[in-house]
Amino acid sequence: MFFDKIKENLRKTKEAIDVKMSNIFADKKDIEEVIDEIEETLILSDVGYETSTKICDKLRADLKKQVDKSENAIKELLRKEMTEVLTSDEINLNNSINLDEKQVILVVGVNGVGKTTSIGKLAKLYKNAGKRVLLAAADTFRAGAIEQLDVWAKRNDVDICLGKEMQDPSSVIFDATKKYMNEDYDILICDTAGRLHNKKNLMDELEKMKKIIDKNIPDDVLKETIMVLDATTGQNGAIQAKSFLEKTDVSGIFLTKLDSTAKGGVVFSIVDELKIPVKYIGVGEGIDDIEMFDAKTFVDAII
Ligand SMILES: Nc1nc2c(ncn2[C@@H]2O[C@H](COP(=O)(O)OP(=O)(O)OP(=O)(O)O)[C@@H](O)[C@H]2O)c(=O)[nH]1
Ligand SMILES: [Mg+2]
């Protein structure tokens with residue numbers, strides 16, 4: 001049931017990869033030709049050039065070692081290689097999600113990617129796990145942003161520190177971290193602006209907020225910076241993420257809107273190139289449209 005839901009949510013990406021793959025096998029071709037076409041399919045599905053090449057090089061090497069070169073056997077190997085990209089030792093997996101750990105999560109990302117909505121979903125996830133959740137509305141720049149997060153707080157019946165429009169966002173984070181400590185919450189999730197007067201401004205503000213979190217929150221609380229990325233932007237989103245990362249550290253990714261795009265293959269290029277784990281995925285606009293990312297389940301759903 002659970003697996004069927006994921007499969008349905010990732011249907012567009014599956015169509016882009018799996019259906020094309022079946023066409024490759026439909027005509028009799030030699031094995032080299034098959035792998036070349038698989039590589040092309042992956043590149044066209046936003047897996048990214050380098051990551052696709054890497055996966056297919058390994059596939060070629062694997063296939064040399066085995067006799068069975070049927071469609072099923074090749075797909076099985078492909079699933080293995082693709083899962084490995086997502087679970088490689090190089091990725092900092094010290095932070096597999098632990099719903100039981102105390103944590104402060106700073107949510108960052110450019111405007112419109114789905115930060116506020118994703119915070120609403122996370123709040124429900126943690127609340128359902130029995131945690132006391134506090135939200136901080138530190139996007140004081142865009143008109144209406146504070147009210148938007150407040151709506152999610154009310155929907156979830158969790159507390160919130162409300163900034164005032166144009167208030168210094170760091171002062172909202174200051175108040176929220178104090179309240180988190182004084183009132184012994186489990187989870188603090190902070191919304192931030194996707195856009196300020198300019199990009200340098202935005203990065204400087206994020207650094208300021210991180211410093212305040214570091215100062216006010218002791219080391220036994222996990223501190224996360226989650227970057228939200230919009231999957232519908234495919235490779236462009238991956239490039240955008242790279243430039244973001246030059247300026248600020250990120251501990252995990254929340255990849256949104258996978259329900260409405262065929263570009264879900266971008267997961268592989270993000271994880272492979274940025275070496276940052278995808279921790280959550282967004283699969284719709286509703287409060288329950290969130291999944292904790294699992295590499296094997298993801299790969300099995302699209303191939
Ligand atoms: N289909 C789909 N839509 C989503 C998902 N996550 C967010 N959205 C939609 O994306 C749009 C933008 O979401 P917001 O949460 O306002 O994005 P934001 O990053 O906070 O935007 P700013 O505050 O303007 O920077 C809304 O229409 C959301 O409903 C998702 O997983 N799937
Ligand atoms: Mg927002």
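What percentage of the 303 residues in the protein chain is buried? Buried residues account for 45% of the chain, a residue being counted as buried if 20 or more other C-beta atoms, placed from the backbone, lie within 10 Å of its own. The structure is a predicted model, in which local features need pLDDT of at least 70 and side-chain atom pairs count only at pLDDT 80 or more, while totals for chains, interfaces and linings use all residues. Residues are numbered from 1 along each chain as its sequence is written, with chains lettered from A and ligands numbered from 1 in the order in which they are written.

The protein chain comprises 12 helices and eight strands, taken as DSSP runs (H or I of at least four residues for helices, E of at least two for strands) and numbered from the N terminus. Its radius of gyration, 21 Å, is close to the 19 Å given by the globule rule for 303 residues, so the chain is as compact as a globular protein of that length; the radius is taken over C-alpha atoms, and the rule is 2.2 Å times the number of residues to the power 0.38. Along the principal axes, the C-alpha atoms fill a box of roughly 65 × 40 × 35 Å. Of the contacts with a separation of 6 or more, 76% join residues 24 or more positions apart, a contact being two C-beta atoms, placed from the backbone, within 7 Å.

Strand E6 (residues 252–256) is mostly covered, with five of its five residues buried. Gly252, Phe254 and Thr256 point one way from E6, whereas Ile253 and Leu255 point the other way. Strand E5 (residues 222–230) pairs with E6 in the parallel sense over five bridges, pairing requiring at least two DSSP bridges between two strands. Within this pair, Leu229 has Leu255 of E6 as its bridge partner. The chain passes from E5 through helix H10 (residues 234–245) to E6 in a right-handed β-α-β crossover; right-handed denotes a clockwise path from the first strand over the helix to the second, with the strands pointing away from the viewer.

E6 also pairs with strand E7 (residues 278–282) in the parallel sense, over three bridges, and Ile281 in E7 is the bridge partner of Leu255.

Ligand 1 is surrounded by 21 residues, the closest being Asn111, Gly114, Thr117, Gly194 and Gly282; the criterion is a C-beta atom, placed from the backbone, within 6 Å of the molecule. Helix H6 (residues 115–128) gives the most to this shell, with three residues.

How values were computed. Buried ≥ 20, exposed ≤ 12 C-beta atoms within 10 Å, placed from the backbone.
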